[in-house]
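Hello,

Here is the structure I promised to pass on to you. Please open it beside this email and follow along.

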Amino acid sequence: MDGYLVLGVSVFLGTVFAVLGLWHRSIQETEEESLAEELREAEATGTNQALTQHPQIDINRCLGCGSCVQACPEQGVLALVEGKARLVHAAHCVGHGCCETACPVGALKVGLGDLSNRTDIPVLNAERETSVPGVYIVGELGGIGLIRHAIAQGAAVVETIARRLEPNRSRDILDVLIVGCGPSGIASSLRAHELGLRFEVIDQDDLGGAVRKYPRNKMTLTQPVDLPLYGRMKRTQYSKEELIALWENIFDEAGIGVRTGVKFNGLHLREDGLLEVETNEGKELCRQCVLALGRRGTPRKLGVPGEESERVLYQLIDATDYSGKNLVVVGGGDSAIEAALALAAQPGNRIVLSYRRNAFFRIKPRNRDRLDLLVGEGRISVLLNSEVRSIDAHACRIAIGSEEHSVPADYVFILAGGEPPYPLLQRSGVAFGGVEEPMAASLKEAS
């Protein structure tokens with residue numbers, strides 16, 4: 001009898017383990033199919049290619065523990081593939097660095113990687129100096145995003161400049177001209193003030209740079225960072241308004257002025273070693289120059305009739321200013337998607353999102369999910385493969401294929417990216433990755 005009992009228990013346990021094994025194998029196969037589909041989507045949409053900084057993975061050291069995948073705040077950047085960490089949606093990485101910190105064996109490092117084919121990344125030495133002596137690049141223009149990185153770079157570059165300057169130099173010429181007053185330009189200015197350098201800061205807009213253009217109350221992740229003249233910024237999140245107010249207060253107390261409305265048009269190195277910087281207000285002489293321009297440049301325009309109207313806007317500051325309106329948003333990046341989402345949240349708005357391509361590429365997964373939800377609810381209409389042909393008094397003419405449609409529009413938001421400053425910098429002699437020589441030599445040779 002005992003033998004039958006043992007045999008029965010054995011058969012039962014064997015059946016249970018077999019079922020569990022099949023269940024586990026089924027889950028594995030489902031996960032592998034899902035991951036394979038995710039990899040195909042990333043390749044098809046181009047999000048498998050990193051835009052700026054991203055994790056560099058040492059496969060030989062990776063344990064496959066998944067700590068980096070779990071630590072990443074951005075969805076889908078990393079995944080475990082065949083027991084090793086692998087980049088999936090590399091373009092979604094914004095450089096938090098949580099994966100690098102979480103890895104127990106140091107198998108990955110967040111950086112730019114091989115720049116030999118990156119024509120959108122300037123060649124910089126360890127001190128962030130460009131191929132033009134005395135010209136430095138800080139912030140996202142150098143390929144490294146996040147406010148905390150920009151602040152650290154801005155302060156460090158000015159410290160380098162201070163060490164290099166001759167002690168008995170003439171005070172008639174600027175020690176350093178800082179171009180751009182976003183987070184990196186702000187940190188450069190504050191550190192220059194602390195070190196007693198003779199400097200000026202110019203910006204084509206106003207203090208805050210791209211942060212000032214964020215939508216109202218947008219939360220910004222900074223992570224703790226030391227800001228010159230202020231000290232430790234201990235909080236991990238600040239609203240746009242809090243950051244701008246903080247920076248303005250520091251500048252006011254220090255007596256630092258920003259020359260706004262001044263656009264950078266290029267520079268060249270003179271034979272006497274000074275830098276001549278060209279702006280829309282004339283020329284500036286300086287010993288050293290910090291370029292904190294950002295990557296977006298000036299807003300990209302469509303070049304269509306009616307675009308000069310005051311009803312055409314290139315940024316959304318406060319979505320609550322618009323309700324009960326017919327609104328057209330043009331663009332397919334995160335800024336356009338987020339604007340459409342914010343405007344759709346206001347009462348009575350009717351939103352049309354126009355994008356020239358057949359699908360949205362490189363947008364954050366959470367933005368895609370929210371957009372799909374609101375499209376399903378009929379709160380946003382999406383026109384893919386579409387192109388704005390003209391903007392009239394209360395409508396847009398939008399072409400979809402060979403047909404044109406009149407779309408009601410009280411306001412039109414053109415959020416189609418910016419004209420990056422790469423060609424301008426290359427003409428000034430700044431070398432970029434993937435280019436053996438700058439587009440044009442320094443104007444020193446022509447002077």
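Below are some notes on a helix pair and a sheet.

This is a predicted model, in which local features need pLDDT of at least 70 and side-chain atom pairs count only at pLDDT 80 or more, while totals for chains, interfaces and linings use all residues. Residues are numbered from 1 along each chain as its sequence is written, and side-chain values use heavy atoms, leaving out hydrogens and water.

Let's start with the helices. Helices (H or I, at least four residues) and strands (E, at least two) are DSSP runs, numbered from the N terminus. Helix α4 (residues 147–164) packs against helix α5 (residues 183–194) at about 35°, and their axes are 7 Å apart. Axes here are lines fitted to C-alpha atoms, for helices over the stretch in contact, and angles run from 0 to 180 degrees between N-to-C directions. Among the residues that meet are Ile151 and Val158 in α4, and Ala187 and Arg191 in α5; contact means heavy atoms within 4.5 Å.

Now for the sheet. Five strands form an open, parallel sheet in the order β17-β24-β18-β19-β20; two strands pair if DSSP finds at least two bridges between them. β17 (312–313) and β20 (380–383) each have a single partner strand, so one side of each lacks a neighbour in the sheet. Two bridges join β17 to the parallel strand β24 (residues 411–414), and Val312 sits opposite Val412 in β24.

Finally, helix α8 (residues 365–376) lies across β19 and β20, at about 105° to β20.

Happy exploring!
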